[in-house]
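User: Hello! I am new to this structure and would like to learn how to read it. Could you take me through it step by step?

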Amino acid sequence: MKSDIHPDYHEITIVMTDGTTFKTRSCMGKEGDTLRLDIDPKSHPAWTGVQRVMDTGGQVAKFNRKFAGIGARKK
């Protein structure tokens, strides 16, 4: 293999959404850096089975207004 082409592989700390931490090895950042997760298996609906509808900025309402007339028959 060619020398000096591989990224530095070092230990970092992962902080889950509930505050628990663990150490793993990664190419991200530098030795000892911390990666804080916004979504992890403890909070993501794909793993928990709990669905939440979040309407940030009225996007769902905007969609409903835009496409309200589709499928409605006019007389």
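Analyst: Gladly. Helices (H or I, at least four residues) and strands (E, at least two) are DSSP runs, numbered from the N terminus. By that rule the chain has 2 helices and 3 strands, and from the N terminus on the order of elements is β-β-β-α-α. Please keep in mind that this is a predicted model: local features need pLDDT of at least 70, side-chain atom pairs count only at pLDDT 80 or more, and totals for chains, interfaces and linings use all residues. Residues are numbered from 1 along each chain as its sequence is written, and side-chain values use heavy atoms, with hydrogens and water left out.

User: How do I read burial, and what share of the 75 residues in the chain is buried?

Analyst: A residue is buried under 20% relative accessible area, exposed over 50%, and partly exposed in between (1.4 Å probe, protein chains only). Here buried residues make up 11% of the 75 residues. Accessible areas come from the Shrake-Rupley method with a 1.4 Å probe, and for residues only the protein chains shown count as cover. The chain exposes about 6900 Å², with 55% of that supplied by carbon and sulfur atoms.

User: How many of the residues of β1 are buried?

Analyst: In β1, 5 of the 6 residues are buried, so the strand is mostly covered. His10 belongs to β1, and His10 counts as buried because its relative accessible area is 2%.

User: How do I tell which strands pair with β1, and in what sense?

Analyst: Two strands pair if DSSP finds at least two bridges between them. β1 (10–15) is joined to β2 (residues 21–26) by 6 bridges, and these two run antiparallel. Within that pairing, Ile14 has Phe22 in β2 as its bridge partner.

User: What sits between β1 and β2 in their hairpin?

Analyst: The hairpin has 5 residues between the strands, and Gly19 in this hairpin takes a positive phi near 95 degrees. A positive phi also turns up at Asp4, a residue other than glycine, with a value near 65 degrees. Asp4 lies in the segment before β1 and is exposed because its relative accessible area is 79%.

User: How do I read contacts, and which residues does His10 touch?

Analyst: Contact means heavy atoms within 4.5 Å. Leaving aside neighbours within four places in sequence, His10 is in contact with Thr24, Arg25, Ser26, Cys27, Met28, Gly29, Lys30 and Glu31. For the chain as a whole, among contacts between residues at least 6 apart in sequence, 8% join residues at least 24 apart.

User: What is a polar contact, and which backbone oxygen lies 3.2 Å from the side chain of His10?

Analyst: A polar contact is a pair of N or O atoms within 3.5 Å; within protein, one must be able to donate a hydrogen and the other to accept it, and residues adjacent in sequence count only if both atoms are side-chain atoms. For His10, a polar side-chain atom lies 3.2 Å from the backbone oxygen of Gly29. Another example is Glu31, whose side chain reaches the backbone nitrogen of Glu11 at 3.4 Å.

User: Where is Glu31, and is it buried or exposed?

Analyst: Glu31 is in the loop between β2 and β3, and it is exposed because its relative accessible area is 55%. Glu31 and Ile12 are 19 residues apart in sequence, while their C-alpha atoms are 6.1 Å apart in space.

User: Which residues does Ile39 touch?

Analyst: Not counting residues up to four places away in sequence, Ile39 touches Thr17 and His44. Ile39 lies in the loop between β3 and α1 (45–48). From Ile39 to Thr17 there are 22 residues in sequence and 6.7 Å in space, C-alpha to C-alpha.
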